[in-house]
Amino acid sequence: MEIVAPSTEQLLADFESKINAEIKIEPRDWMPEEYRQNLIRQMSQHAHSEVIGMQPEGNWITRAPSLRSKKILLAKIQDEGGHGLYLYSAAETLGVSREQFIQALHEGKAKYASVFNYPALNWADMGAIGWLVDGAAITNQVSLQRTSYGPYSRAMVKICKEESFHQRQGYEIMWRMMEGTKDQQQMAQDALNRWWWPALMMFGPHDSDSPHSTLAMKWKIKRESNDQLREKFINKTIPQAELIGLKVPDQNLQLLEDETYKHGDINWDEFWAVVKGNGPCNQQRLEHHIRAHKEGAWVRETAIASAKKHNI
Amino acid sequence: MEAQKKYYLQLADNALILSHRLSEYSSHGPFLEEDLANTNVALDLIGIAESILEQTAKIDGKGLTGDDLAYRRGEHEFYNCLLVEQPNTDFAFIMVRQFLTDAFHFYFYSELTKSKDKFLSAIAFKSLKEITYHLRRSSEWLIRLGDGTQLANDKTQHAVNTLWKYSNEFFTENEVDIEMKKSGVGVDLKEVKSLWSQKVNEIFFMAHLKIPENDFQLTGGKQGNHTEYMGYILTEMQFLPSKYPDAKW
């Protein structure tokens, strides 16, 4: 019997019918190269974000003001690293190794969330990061639980559970500080002032300016657009700020008749400057990662050498 | 009462300060898995410290909290051994410091399960599960470091040569240790030392590491006399409660 390989058109049609039927694409399934590349870009960016995101919070572990807050922060940072691990593993199913992902990061070919290029300057930043940055991330990730690529979707389900804790603990820090002394309240407002706009920028450019979005939406890698997700986040977060007496730093914010908010203009010049490497901490974050990786080389080498000796 | 309190603080402070050193290392690990393992140990240790400090505050009866004891004591009122405050010079230093402390913790807390003090006995039982894992991890790492590449062996031997002089303080009995041992609350440090030495010899043998010939030892931490590093640790750790004494976090 003659076996005829299906044509690319047929493979693409099968692939798209699976997508339309909400059947997950698995690593061994045929997929268009653009789909694979889009996922590699997005998943590695997501994994790197988790790992680089450990740095601004790590900046405050040794100054956490109570045993409880130190435990929570340690556990949270550990969670973020764990998310990085799932995501690297899920992304490796696309045929790229973790070492290659790290190399691309170090060479500036792979990105991470620009928000982590902002500095963490006071203890309330630990609250603002959890509440706003994890809050923005979770808005996106809840949607990504339904992403079409199976390993990514499953990683997201697990990650979302932990991220919702992170957001709550961040809000709890802000709430405690707003209940506290004048100094604490000022720290909390200062942190909100500095993190609000970078958090809104996390959703990416407006839909009209988002280069990767069209195919990603068609193939259900992305399920909701940047602007839709940003609006969701804003509508959820502003009442939380008001509840504890914080003021969102947007003079042009409007409450619309349908109880949703219209935000003022986002400074896209700043967004692109940070994306292109000119944020307050871009160089610091990347150099830190490169340095730790280099300093760890002899440890990785001895671990391999020892495993070989003992046939592990 | 005072002796009991100081005995508790000796245990808590070893865990608290070592946890602090490990927490400094977050995002500095040689690879992600090890970064997480390191943080995990930091978390276990701060958990032990927190339980003991809270209990100390309770038996002290002056209305203080565990946080007050961690964040509002001066350097001379900390009773951790000098080893745990030594810096994270490199991964070899971190792991040698960890192994020497884990081995001490393992045999110390194993003995402490027999304490007449119900709290200490309970905390020892609970902590041993974690400490057993810590010791397994640091023992395995010491073998990887010592029995892998020559470079790693050199670095690890250098760490051993530097840190060894702080290792006997765990077993140097002070008045509090003697009093607590007599009353059946504390443990016999000679017994712990003997088991510890056996373990150290075993792992060093497998890791091709040598105990330094110069057995000079430094002590002082258990009496509140620390190395220069301690002031910086506390300055950083206690920064917010010191600067904003009225704030609740």
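Begin by selecting Glu22(A) and Lys220(A), which form a salt bridge whose closest N and O atoms are 2.9 Å apart. Glu22(A) lies in the loop between helix H1 (8-20) and H2 of chain A, and Lys220(A) lies in the loop between helix H9 (213-218) and H10 of chain A, so this pair ties together parts that are 198 residues apart in sequence. A search of the whole structure finds 31 salt bridges over all chains. Please note that the structure on the screen is a predicted model.

**The largest pocket**

Next, select Gln45(A), Ala113(A), Met202(A), Phe203(A) and Gly204(A). Of the 45 residues that line the largest pocket, these five lie nearest its centre. The space in this pocket amounts to about 1100 Å³.

If the lining of the largest pocket is coloured by class, 22 residues are nonpolar, 13 are polar and 10 are charged.

**The largest cavity**

Turn now to the cavities; three of them have a volume of 30 Å³ or more. The largest cavity holds about 100 Å³ of space.

H7(A) provides the largest share, with five residues. In the lining of the largest cavity, six residues are nonpolar, two are polar and four are charged.

**The second largest cavity**

Where is the second largest cavity to be found? Select Tyr7(B), Gln10(B), Leu11(B), Asn14(B), Cys81(B), Phe104(B), Phe108(B), Phe170(B), Asp177(B), Leu189(B) and Lys222(B), which line it. Its volume is about 70 Å³.

H1 and helix H4 (91-112) of chain B each supply at least two residues of this lining. The largest share, four residues, comes from H1(B). By class, the lining of the second largest cavity divides into seven nonpolar, two polar and two charged residues.

**Two helices of chain B**

Keep H1(B) in view for the last stop. Two packed helices are described by the angle between their axes and the distance between the axes. Select helix H1 (residues 2-24) of chain B together with helix H7 (residues 175-182) of chain B: their axes come within 9 Å and cross at roughly 110°. This angle makes H1(B) roughly perpendicular to H7(B).

Which residues make the contact between H1(B) and H7(B)? From H1(B), show Ala3(B), Gln4(B), Lys6(B), Tyr7(B) and Gln10(B); from H7(B), show Val176(B), Asp177(B), Glu179(B) and Met180(B). Four of the residues in this contact are nonpolar, two are polar and three are charged. Finally, highlight Tyr7(B), Gln10(B) and Asp177(B): these residues take part in the helix contact and are also among those that line the second largest cavity.

Notes
Residues numbered from 1 in each chain as written. Chains lettered and ligands numbered in written order. Predicted model: local features only at pLDDT ≥ 70, side-chain atom pairs only at ≥ 80, totals over all residues. Heavy atoms only, no water. 1 Å grid on protein atoms, 1.4 Å probe; cavity = no way out; pocket = protein on both sides within 12 Å on 5 of 7 lines; lining within 4 Å. Points joined across faces, edges and corners; volume = space filled by probe spheres on them. Nonpolar A, V, L, I, M, F, W, Y, C, P; charged D, E, K, R; others polar. Axes fitted to C-alpha atoms, helices over the stretch in contact; angles between N-to-C directions. Parallel < 35°, antiparallel > 145°, perpendicular 65-115°, else oblique. Contact = heavy atoms within 4.5 Å. Salt bridge = Lys/Arg side-chain N within 4 Å of Asp/Glu carboxyl O.
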